[in-house]
Amino acid sequence: MNNATTTEDKWRAEGYAWGLFIPGPDWLTVPGSAHRSAPLTERPEDAERPNYAAVHGGEVSPWVLAKVQRCGGGTFRVLEVVREVTPERAGS
């Protein structure tokens with residue numbers, strides 16, 4: 001995996017990212033994107049998956065790797081879901 005993030009990745013209009021999938025309107029919540037410009041990689045294998053578990057309502061949420069379109073304001077519309085991984089909860 002290539003962990004080098006380029007300036008181009010931070011402003012790419014379409015690309016790949018890991019995040020939490022919100023079904024219905026098909027949005028991806030990318031960690032930290034509310035505070036900074038999230039990088040979108042050109043290739044799915046270059047996207048860096050978060051190394052922690054996100055817990056909502058007492059359940060571990062799966063991380064979703066998706067091809068997304070940057071819509072501004074830290075929002076990302078899902079174009080294609082590539083993969084889903086559910087991490088183990090710490091202490092399990």
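Q: Where is R12 found, and what is it in contact with?

A: Look in the loop between helix 1 (7-11) and strand 1 (14-22). Setting aside neighbours within four places in sequence, R12 is in contact with L40, T41, E42 and R70. Its side chain also reaches the backbone oxygen of L40, at 2.7 Å.

Q: How far should I trust the coordinates?

A: As a general idea, where pLDDT is low, the predicted coordinates should not be read in detail. Here the chain has a mean pLDDT of 85, with 88% of its residues at 70 or more. Confidence is lowest in helix 1, at a mean of 73, and highest in strand 6, at 95.

Q: What do the strands build, and in what order?

A: To read this, follow which strand pairs with which. Four strands close into a barrel in the order 1-2-6-5, with antiparallel pairing. From one strand to the next, the twist averages 60 degrees. For a close-up, take strand 5 (residues 63-72) and strand 6 (residues 75-85), which pair over nine bridges.

Q: Which residues make up the largest nonpolar core?

A: The general idea first: in soluble globular proteins, nonpolar side chains tend to be buried together. In this model, the largest nonpolar core has 10 residues: A17, L28, V30, A38, L40, V64, A66, V68, F76 and V78. Strand 5 and strand 6 each supply at least two of its residues, and strand 5 gives the most, with three. Another core, of seven residues, lies apart from it and includes Y16, W18, W63 and L65.

Q: What does L28 touch?

A: Leaving out neighbours within four places in sequence, L28 is in contact with A17, W18, G19, L20, F21, V64, A66, V68, F76 and V78.

Q: Is S33 buried or exposed?

A: S33 counts as buried, since its relative accessibility is 10%. You'll find S33 in the loop between strand 2 (27-29) and strand 3 (54-56). A polar atom of its side chain lies 2.8 Å from the backbone oxygen of V30. Not counting residues up to four places away in sequence, S33 touches A38, G74 and F76.

Terms used
Residues numbered from 1 in each chain as written. Predicted model: local features only at pLDDT ≥ 70, side-chain atom pairs only at ≥ 80, totals over all residues. Heavy atoms only, no water. Pairing = 2+ DSSP bridges. Axes fitted to C-alpha atoms, helices over the stretch in contact; angles between N-to-C directions. Polar contact = N/O pair within 3.5 Å; in protein donor to acceptor, adjacent residues only side chain to side chain. Contact = heavy atoms within 4.5 Å. Core = buried A, V, L, I, M, F, W, Y, C linked by side-chain atoms within 4.5 Å. Buried < 20%, exposed > 50% of the residue type's maximum accessible area, 1.4 Å probe, protein only. pLDDT = per-residue confidence, 0-100.
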